[in-house]
Each structure stands twice: as structure tokens, then as C-alpha cells.
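Please open the model in a viewer and keep the selection panel at hand. The stops below proceed from the sheet to the cores and then to the aromatic pairs.

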Amino acid sequence: MSESVMEKGGVRFTKSIHDLTYIREDGHSHTRQYVLYTPETGHAPMPLVFAVHYGIGEDTMEFAGYMLRGWLVAAPVTNDQINLEWMDDDLFFNNAILWEIMCLPQVDRNRILVTGGSAGGYQAMMMALLHPSLCGCCSIVGV
């Protein structure tokens, strides 16, 4: 895991990159990364927004709003090669991320929202079906 403290728009937060090994659709183990943003303004346990596809840009008003409110934000780490892999096993990876994050003491398990747009909207809806205890799902133009 790597960590860095950042500040954007007057809000300080920690950005941590986590390696996660999970079982892919084909039954083989694979390791990918996800990012977890922890706002300095938050008090545990904190609500969590999990952006299942592409993430939430650190320079967006949406991200700043979550940080100002003291919400955790998580998302898969992306690059061009991983984008190609997403068609095969994203649901498996997102499920593994959510299970790992739900076990963190700073996460309020009763206030977790999954969100995504396009293919991520589809992923968000699938995550909501797999985890009926989630407090919300926001599918933006879901497939």
C-alpha cells in the first residue's frame, strides 16, 4: 500500500493505493489496485462512495463535496490495459474491493453507496443486487 496526503480546494485527504488479489471469472487469482480517499474532516465510522468504473476525478466538485462532508471515496485504479480487462471480470474485482473495504473500521457499513456511469452504471446495479445491505445505488446511464 502506498499513501500520500493531498490537498485540493482547501480540503486535506489521504490517498492510499491498495493491492488486492482476487479470483477472476476464469478461476485464477489476479492482483489489481484500488484507491481509497480518506478525508481529514471525517470521523469514523464514515459513509463510503464506491465508484465502480473509472472512479471520481480528484479535481471535480463531486469529489470535493464528498471530502468536505467527511465521506470516504473508493474506486478501481485504471489504465488502458485494465480498461480492456474490465469486460471480463470487473464484477468479480469490484465485489472483492467492496468486501475488503466493508471490513475497515473507518467505514460505516450502513452508509455505503455504489455509483457508476455507462458500464459502471451496470456494474453499480449488479453490486446492489449482490449486496442488498447497501444504502444506495446511483446508476448514471447504466447499460
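How many bridges join β1 to β2, and do these strands run parallel or antiparallel? Select both strands: they run antiparallel and are joined by 7 bridges. Helices (H or I, at least four residues) and strands (E, at least two) are DSSP runs, numbered from the N terminus. This is a predicted model, in which local features need pLDDT of at least 70 and side-chain atom pairs count only at pLDDT 80 or more, whereas totals for chains, interfaces and linings use all residues. Residues are numbered from 1 along each chain as its sequence is written, and side-chain values use heavy atoms, with hydrogens and water left out.

**The sheet**

Next, display the 7 strands of the open sheet, whose order is β1-β2-β3-β5-β4-β6-β7 with mixed pairing; two strands pair if DSSP finds at least two bridges between them. β1 (2-8) and β7 (136-140) stand at the edges with a single partner strand each, so one side of each has no neighbour in the sheet.

**The cores**

Now select Leu 48, Phe 50, Ile 97, Leu 98, Ile 101, Ile 112 and Val 114, the residues with the most contacts inside the largest nonpolar core, which has 22 residues. Such a core is a set of buried Ala, Val, Leu, Ile, Met, Phe, Trp, Tyr and Cys residues joined through side-chain atoms within 4.5 Å. The largest share of this core, 6 residues, comes from α2. Apart from it lies another core, of 14 residues, including Val 11, Tyr 37, Val 49 and Leu 113.

**The aromatic pairs**

The whole structure contains 5 aromatic pairs. Rings of Phe, Tyr and Trp (its six-membered ring) pair if their centres lie within 6.5 Å; planes under 30 degrees apart count as stacked, over 60 as edge-to-face and the rest as tilted. Select Phe 13 and Phe 63: their ring centres are 5.1 Å apart and their planes at 75 degrees, so the pair is edge-to-face. Phe 13 lies in strand β2 and Phe 63 in helix α1, so the pair ties together parts 50 residues apart in sequence. Phe 13 is buried at 2% relative accessibility, and Phe 63 is buried at 1%; buried means under 20% relative accessible area, exposed over 50%, partly exposed in between (1.4 Å probe, protein chains only).
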